[in-house]
Amino acid sequence: MASSGEDISNDDDDMHPIAAGMADGVHLLGFSDEILLHILSHVPSTDLILNVRRTCRKLAALCLDKSLIHTVLLQKDYQASEDKVRQLVKEIGREIQQLSMAGCYWLPGSTVEHVARCRSLVKVNLSGCHLTSLRLSKMLSALQHLRSLAIDVSPGFDASQLSSECKATLSRVRELKQTLFTPSYGVVPCCTSLEKLLLYFEILDRTREGAILSGQLMVGQSNVPHYQNLRVFYARLAPGYINQEVVRLYLAVLSDRTPQNLHAFLISVPGSFAESGATKNLLDSMARNVSLDALQLPKSWLNGSSLLQHMKFNNPFYFSFSRCTLSGGHLIQQVINGGKDLRSLASLNLSGCVHCLSPDSLLRKAEDDIDSSILETLVASCCNLRHLNLSAAHHHSSEGLGRHLCQLLARLCHLRSLSLPVCSVADSAPRADRAPAQPAMHAVPRGFGKKVRVGVQSCPSPFSGQAGPQPSSVFWSLLKNLPFLEHLELIGSNFSSAMPRNEPAIRNSLPPCSRAQSVGDSEVAAIGQLAFLRHLTLAQLPSVLTGSGLVSIGLQCQQLRSLSLANLGMMGKVVYMPALSDMLKHCKRLRDLRLEQPYFSANAQFFQALSQCPSLQRLCLVSRSGTLQPDAVLAFMARCLHVVMCHLFTGESLATCKNLQQSLLRSFQAERPALNVVIFPLLHEGLTDVIRDVPLVHLDEITLFKSRVAEEPPNLWW
């Protein structure tokens with residue numbers, strides 16, 4: 001049986017897999033109902049109701065079990081066409097209580113509004129769906145039991161078009177997630193019973209015509225959000241001044257009267273976000289009146305402030321101090337309270353906190369060694385951490401028995417996701433008597449090279465001889481002690497993607513940290529120990545010579561779903577491609593692949609190797625001065641039937657990119673309704689305008705590079 005999001009397929013065109021299993025003597029239907037229901041829970045809802053249910057009487061009954069049809073998840077079910085969704089709603093709509101259509105950007109509003117037939121809905125997620133104000137009003141008017149809602153607010157939204165029945169439904173909604181693409185309060189003023197409010201600000205500073213947007217467009221709209229029952233407030237801002245201007249209007253009401261039951265307050269802002277008089281009043285009121293269990297604030301609100309020592313926390317489960325100049329001394333004194341028991345803390349984000357593991361931020365240089373006693377206190381106090389982000393900083397360990405960062409983190413046996421700077425996993429500082437490894441520029445030719453036999457002589461075993469991770473390697477030992485890790489990121493301290501948000505592509509990059517020079521193929525091979533690994537990011541590892549460690553990952557990490565590789569090895573030389581090709585043939589469950597590498601040659605051999613990933617759904621390639629072969633791309637798309645996102649940003653000409661994009665859409669759009677193709681020159685001045693049309697689900701999850709560990713509190717939205 002296929003896992004969630006995968007199609008059920010078999011070799012017999014006339015027989016469903018379950019029936020085929022019976023014919024082969026497997027007798028799948030001989031299992032208990034409990035086991036069969038568990039198996040069926042991994043089948044996409046559209047396939048379950050429209051196909052599996054019609055196999056036999058027993059499955060017809062089981063497929064309508066409440067455990068399977070009360071909750072219907074259509075997000076990333078890229079085969080859910082208009083007809084399938086309408087038929088699904090027609091057959092089981094009355095039974096559905098929770099429905100997620102998040103990211104179903106390919107479904108028209110006329111199909112989405114069929115949700116109105118699901119009269120028993122308590123929760124519905126329509127983020128990423130196309131809905132006008134009138135359609136939203138019509139749909140919500142019929143959903144009297146609704147308590148949880150997620151929607152987009154796009155240009156043209158008009159709250160005055162919402163009917164009284166719609167507003168009555170909204171008045172009962174307790175949880176609201178609202179993604180704003182235009183300055184607006186959306187439906188917030190109508191939600192008088194809100195307990196959880198999630199706001200995602202994705203407003204661009206300029207319209208397509210070049211007009212500058214302003215938050216003043218909201219003047220005259222209803223501006224009385226009802227926060228009195230609010231327990232969770234979360235706001236995430238994309239870059240741009242307009243998003244900051246609009247979020248201030250949402251915060252203004254909070255500053256007048258802080259909800260007494262507020263227990264989670266989180267604002268994620270890239271760059272600087274100046275503190276105002278209203279926000280100071282809000283923070284002072286929070287310090288006096290509420291006790292929090294989750295906190296994230298803009299770095300400018302915390303830097304140089306004594307705010308943290310006045311905040312009260314009650315069994316906190318999430319802290320994010322990303323990009324703050326928080327010193328280790330302040331971390332211990334104000335957050336951990338000198339070693340106070342924080343066993344409740346599940347997720348901690350210290351990305352970009354360059355001084356968080358040193359006692360004093362004023363006297364320390366970024367490259368200085370960390371104070372291991374601070375990390376030791378952190379580990380001892382937060383012993384149940386499941387998600388930890390220490391990326392975007394230089395965390396160098398001094399030579400001392402048992403005091404290395406990796407040795408201390410190995411004590412966090414509950415970790416499920418971890419993000420580290422590459423330099424932090426180096427065994428020790430480079431010594432003067434140790435000769436640096438010489439890059440084997442002659443070992444593997446650029447690209448694939450005709451004389452390289454893929455997977456054989458070009459990729460010697462990373463575990464043989466001195467090349468492999470030795471038992472004494474601190475990184476090897478760390479991963480050995482974290483066998484259940486599912487998400488790992490190793491990101492160079494100085495790495496920045498060539499493709500930032502809402503800005504032209506970056507033409508130059510900073511050199512890697514000198515400590516990162518001692519992290520190479522053997523450390524990558526050590527990752528192969530993680531049998532449960534699902535998500536892997538490797539960025540700016542200059543000492544990757546052959547990429548032999550990638551083969552170990554492909555062979556042993558059979559659960560791998562997403563892979564992101566960026567700037568491996570020497571810049572200008574793509575020497576790990578034979579190893580990557582060998583790796584890919586083992587990645588049977590890989591769904592998302594992102595590659596960012598200058599001078600990358602996306603040729604026929606590369607796409608042939610990529611075609612060996614039968615579950616692949618999304619591909620993103622970012623390559624300054626890179627090349628591609630249009631015929632190879634077309635052949636790849638024809639072979640990989642599940643690929644619905646193809647984003648290629650290279651050094652090819654605009655004409656070549658446009659022709660290939662049109663050919664792909666013309667050839668595959670009809671049979672793949674969710675197909676999203678963007679092929680464009682990376683350094684072209686029009687890149688920003690092209691990016692704005694990419695569905696947010698793809699842009700946020702794969703196209704744009706970022707660290708995703710502890711990015712948000714766990715289980716923020718269902």
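**Aromatic pairs and a helix contact**

Phenylalanine 313 has a relative accessible area of 19%, so it counts as buried, the cut-off being under 20%. The model here is a predicted one. Phenylalanine 319 comes out buried too, with a relative accessible area of 1%.

Aromatic rings turn up in pairs here, and the count comes to 15 aromatic pairs. A pair of aromatic rings is described by how far apart the centres are and by the angle of the planes. Take tyrosine 78 and tryptophan 106: their rings sit 5.7 Å apart, centre to centre, with 50° between the planes, which makes the pair tilted. This pair ties together distant parts of the chain, 28 residues apart. Tyrosine 78 lies in the loop between β1 (71-73) and α6 (82-92), while tryptophan 106 lies in the loop between β2 (98-100) and α7 (109-112). Both tyrosine 78 and tryptophan 106 are buried.

Helix α22 (residues 630-639) meets helix α23 (residues 654-668) at an angle of about 20°, and their axes are 10 Å apart. Because angles under 35 degrees count as roughly parallel, α22 is roughly parallel to α23. Their crossing is right-handed. On the α22 side, the contact is made by Pro630, Val633, Leu634, Met637 and Ala638; α23 brings in Thr656, Leu660, Ser663, Leu664 and Phe668. Sorted by class, this contact has eight nonpolar residues, two polar ones and no charged ones.

Terms used: Residues are numbered from 1 along each chain as its sequence is written. This is a predicted model: local features need pLDDT of at least 70, side-chain atom pairs count only at pLDDT 80 or more; totals for chains, interfaces and linings use all residues. Side-chain values use heavy atoms; hydrogens and water are left out. Axes are lines fitted to C-alpha atoms, for helices over the stretch in contact, and angles run from 0 to 180 degrees between N-to-C directions. Helices (H or I, at least four residues) and strands (E, at least two) are DSSP runs, numbered from the N terminus. Angles under 35 degrees count as roughly parallel, over 145 as roughly antiparallel, 65 to 115 as roughly perpendicular and the rest as oblique. A crossing is left-handed if the near helix is turned anticlockwise from the far one by less than a right angle, and right-handed if clockwise. Contact means heavy atoms within 4.5 Å. Ala, Val, Leu, Ile, Met, Phe, Trp, Tyr, Cys and Pro count as nonpolar, Asp, Glu, Lys and Arg as charged, and the others, Gly among them, as polar. Rings of Phe, Tyr and Trp (its six-membered ring) pair if their centres lie within 6.5 Å; planes under 30 degrees apart count as stacked, over 60 as edge-to-face and the rest as tilted. Buried means under 20% relative accessible area, exposed over 50%, partly exposed in between (1.4 Å probe, protein chains only).
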